[in-house]
Amino acid sequence: MTILPYTESNIELIQDFIDETKKKLSNGVALTFTNKAQSELVELNIQYDITVDDIENAILSLTPENYYRGIDPSGQSDFDLCAFYTHIGADNIGIYLKYGLETNG
């Protein structure tokens, strides 16, 4: 996964990724989780009472400052994958959110 240099054009790419995510979620696209992510969510729920709604709210609150790594700047990929670091839940624990958006189709 690529780490983009912190340049103005890359910040725009990251913001576009975040905006597209928020648009999809507001249009009713549901989050889907890999088996590994589902297992991790169960652990977060047991240890910290973190729910899917908490994850969605964290995603909706992301900004470019939360960016960790990802996004293919060439725009040639079928699937953009990006990771962000944020704090979540009543305990305000730090987690990495890694998710992707389909870009073609």
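Helices (H or I, at least four residues) and strands (E, at least two) are DSSP runs, numbered from the N terminus. The structure is a predicted model, in which local features need pLDDT of at least 70 and side-chain atom pairs count only at pLDDT 80 or more, while totals for chains, interfaces and linings use all residues. Residues are numbered from 1 along each chain as its sequence is written, and side-chain values use heavy atoms, with hydrogens and water left out.

**Packing of H1 and H3**

- The axes of helix H1 (residues 8-26) and helix H3 (residues 52-60) come within 9 Å and cross at roughly 135°, where axes are lines fitted to C-alpha atoms, for helices over the stretch in contact, and angles run from 0 to 180 degrees between N-to-C directions.
- H1 is therefore oblique to H3, since angles under 35 degrees count as roughly parallel, over 145 as roughly antiparallel, 65 to 115 as roughly perpendicular and the rest as oblique.
- Thr-21, Lys-22 and Leu-25 of H1 make the contact with Glu-56, Ile-59 and Leu-60 of H3, contact meaning heavy atoms within 4.5 Å.

**Positive phi in loops**

- Most residues other than glycine have a negative phi.
- Asp-49, which is not a glycine, has a positive phi near 60°, and its place is in the loop between helix H2 (35-48) and H3.
- Asp-49 counts as exposed because its relative accessibility is 55% (buried means under 20% relative accessible area, exposed over 50%, partly exposed in between, with a 1.4 Å probe and protein chains only).
- Asn-92, also not a glycine, has a positive phi of about 55°; Asn-92 lies in the loop between strand E2 (79-88) and strand E3 (93-102), and at 48% relative accessibility Asn-92 counts as partly exposed.
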